[in-house]
Amino acid sequence: MGLYIETHIRADLDEVWARTQDPARHQRWDLRFTEIRHLPRADGEPQRFRYATRVLPFLTVRGTGVAAGEKERPDGTRTSALRFASPHPLSLIAEGSGYWRYVPDAHGVRFLTGYDYRPRWGAPGALADRLVFRPLMGWATAWSFDRLRLWLERGITPERALAHWLAELTARALVLALCLTALDRGPLPLADSMAFLCPLLLVLGVFLALFTAPLATTPAARRCRRAPAGRARAPRLLKTLEEHG
């Protein structure tokens, strides 16, 4: 089952295109990549690129890809397709393909992607992909799309957006830790007339830490659509991946 992510960005189509097609800017907002670099090409050849992802401080997974084609429709919709592969033995992704689509409307651009890949390592790899890696890839793609949206709409650079996310994550973790500590140590030292507030305060703290919406300046995967709108459009995703695969 292929991955699908969609966001809406209140920005000009050409600007969205530039910040997603230029490797230097793309690698700034996309959490899935540490480095993206175009490779030299002769006139008429498809554009090839090299990418790298730092999995651990001492481990970087590398791969290559090729732009499979670009299309622009009379209504202004643009599509960019690609194929990618990694020979690295520790890369769960062996090869795959996908596309980016840009759909302009009266308020900006619907920016969406669909992609799929073949995991390596046989049955264990397929199980690890289904349970862990594929959901993680979907989250990372959606989070990155929202970081791109903040950059284009609010001028929040990808570096600042990451700092906002880490700060908010730390604050939520501290609130949750304080609540758990209070539960472990017993009721708060309030007056008897106020003792009933103890469980309420703890529940409120846990709710704030786990369930409140992120700040408007913090990237959040939940803001992105994770499936095509309506079942009728679902076959299009598979068809597009097959056409550019």
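**An antiparallel sheet and its helices**

In this predicted model, Ala-52 stands opposite Arg-62 in β4. Strand β3 is joined to β4 by 8 bridges, and the two run antiparallel. Together they form a hairpin, with 2 residues between the strands. Ala-52 of β3 also has a residue opposite it in another strand, namely Glu-35. Here β2 and β3 (residues 48-56) pair in the antiparallel sense over 4 bridges.

Stepping back, these strands belong to an open sheet of 7 strands, in the order β1-β7-β6-β5-β4-β3-β2, with antiparallel pairing. Strands β1 (3-9) and β2 (35-38) stand at the edges; each has a single partner strand, so one side of each is left without a neighbour in the sheet. On average, neighbouring strands of the sheet are turned by 20° against each other, direction ignored. As a general point, strands of a sheet pair through backbone hydrogen bonds, either parallel or antiparallel.

Elsewhere in the sheet, β5 (residues 78-85) and β6 (residues 93-105) run antiparallel and are joined by 8 bridges. In this pair, Ala-85 stands opposite Glu-95 in β6.

The helices complete the picture. Helix α1 (residues 13-21) lies across β1, β2, β4 (59-72), β5, β6 and β7 (108-119), and runs at about 165° to β6. Helix α3 spans residues 122-154 and has a kink of about 55°, centred on Asp-129. Just after α3 comes Gly-155, which takes a positive phi of about 75°.

Conventions:
Residues are numbered from 1 along each chain as its sequence is written. This is a predicted model: local features need pLDDT of at least 70, side-chain atom pairs count only at pLDDT 80 or more; totals for chains, interfaces and linings use all residues. Side-chain values use heavy atoms; hydrogens and water are left out. Two strands pair if DSSP finds at least two bridges between them. Axes are lines fitted to C-alpha atoms, for helices over the stretch in contact, and angles run from 0 to 180 degrees between N-to-C directions. Contact means heavy atoms within 4.5 Å. The bend at a residue is the angle between axes fitted to the seven residues ending there and the seven starting there.
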